[in-house]
Amino acid sequence: MDYQNHDYNYRENSWGGYGNPDYEAGIIKDTRRCFSRIGLVYLVFLAVSVLSQLGVSGILAAAGLDERLGYNGSLLITMLSMYPLAVPLTGLFVRWVPARGNIGQERWGAGALCGIFVVSMGVLYTGNLVGTILMAIAGVIKGEPVINGMQELIMSMEPWTIILSAVIAAPVMEELVFRKFLLDRIAGFGHWTAMVVSGLVFGIAHGNFYQFFYAFGLGMIFAYVYLHTGKLRYTIGLHMAINFWGSVLPLGLLWVLEKNVVIGGFLSIANLMTMFGFVICGVILLAVCWRDLSFRPADDGVSGGKKRAAVWLNFGMILFFICGAFLFYTSL
């Protein structure tokens with residue numbers, strides 16, 4: 001297997017290698033420092049993203065441009081406004097974290113990518129169901145329904161707006177931020193750690209419980225693909241296909257249903273069967289292929305509770321989780 005090499009060798013660091021009694025303590029300290037920086041970098045991403053959208057929305061309203069552009073035009077500009085500032089800043093600040101480990105250079109064929117797509121769609125529908133059930137329970141506790149803001153937003157948008165924002169712009173920008181920028185820095189901590197961090201940060205960045213569960217699962221899958229192939233075009237393509245299937249197609253189905261109840265009803269049943277098919281086939285495919293999956297361990301040779309605590313229980317990650325919790329709370 002070919003890998004992109006980074007100039008970081010734990011055996012030759014200042015702690016004297018695996019045999020040195022201070023080696024594990026040094027690795028734990030280094031891990032805590034690394035992921036604290038990761039947390040702070042993605043906290044900046046969240047803050048800049050939210051403030052950019054609020055600022056642009058306010059400017060458009062104050063200047064009266066929202067009326068001239070129309071609902072979909074002003075919405076598209078507001079949604080895309082986060083990327084020109086948040087993405088470059090994330091790419092700049094993440095360099096504060098030394099690159100550790102290697103990214104694979106495997107070549108995957110169409111069959112492997114189609115299999116990943118089927119599993120991803122199963123995760124999408126399962127995660128969406130989990131989020132919907134939990135929000136239904138939260139609505140009962142709260143005494144009023146918890147609105148799925150993203151679903152309502154998509155249903156209010158024109159197809160061209162969804163395609164430009166959710167199918168084209170978002171997959172490209174999000175794969176840069178949550179896969180390439182992040183995984184190039186933390187691959188050396190082991191595939192499982194890198195995948196969980198990528199998935200969790202990606203899920204939290206969505207800012208609500210409805211999207212968190214499937215975004216977390218998809219983030220882990222995309223991370224696995226990138227860690228093995230090093231080809232961002234694979235994850236971007238998968239991301240685009242999944243977003244198209246999950247946003248544009250339901251909107252088209254709703255349009256058909258409004259025009260013709262019979263045809264729309266037939267297509268709705270077919271769509272429901274397809275959803276179940278993806279879930280069942282995804283589970284079967286994952287179970288059959290599980291033994292063929294490979295997960296590289298950490299390059300430093302250190303594992304255990306202290307290492308895991310160093311990844312999650314540090315200043316930057318805790319601050320990021322607090323910010324994420326606030327966004328989730330405001331979405332209820």
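Close-up 1. Axes here are lines fitted to C-alpha atoms, for helices over the stretch in contact, and angles run from 0 to 180 degrees between N-to-C directions. Helices are DSSP runs (H or I, at least four residues), numbered from the N terminus. Keep in mind that this is a predicted model: local features need pLDDT of at least 70, side-chain atom pairs count only at pLDDT 80 or more, and totals for chains, interfaces and linings use all residues. Residues are numbered from 1 along each chain as its sequence is written, and side-chain values use heavy atoms, with hydrogens and water left out.

With axes 6 Å apart, α1 (residues 23-62) and α12 (residues 315-331) pack at about 30°. That makes the two helices roughly parallel, a label for angles under 35 degrees. The crossing is left-handed, i.e. the near helix is turned anticlockwise from the far one by less than a right angle. On the α1 side the contact (heavy atoms within 4.5 Å) includes Phe35, Leu43 and Val50, and on the α12 side it includes Phe315, Met317 and Leu327. Sorted by class, that's 13 nonpolar, three polar and no charged residues; Ala, Val, Leu, Ile, Met, Phe, Trp, Tyr, Cys and Pro count as nonpolar, Asp, Glu, Lys and Arg as charged, and the others, Gly among them, as polar.

**Close-up 2. Helix α3 alongside helix α6.** The axes of α3 (residues 83-93) and α6 (residues 159-186) come within 10 Å and cross at roughly 15°, so this pair is roughly parallel. The crossing of α3 and α6 is left-handed. Tyr83, Val87, Thr90 and Gly91 of α3 meet α6 residues including Ala169, Met173, Glu174 and Phe181.

Close-up 3. Closest to its centre, out of 28 lining residues, are Ile116, Val119, Ile221, Leu286 and Leu293. Two or more lining residues come from each of α4 (110-142), α7 (191-205), α8 (209-229) and α10 (261-289), and α4 gives the largest share, eight residues. The lining has 18 nonpolar, eight polar and two charged residues. A pocket is an open set of points on a 1 Å grid over the protein atoms alone, where a 1.4 Å probe fits, with protein on both sides within 12 Å along at least five of seven lines; lining residues have an atom within 4 Å of a point.

Conventions: Angles under 35 degrees count as roughly parallel, over 145 as roughly antiparallel, 65 to 115 as roughly perpendicular and the rest as oblique.
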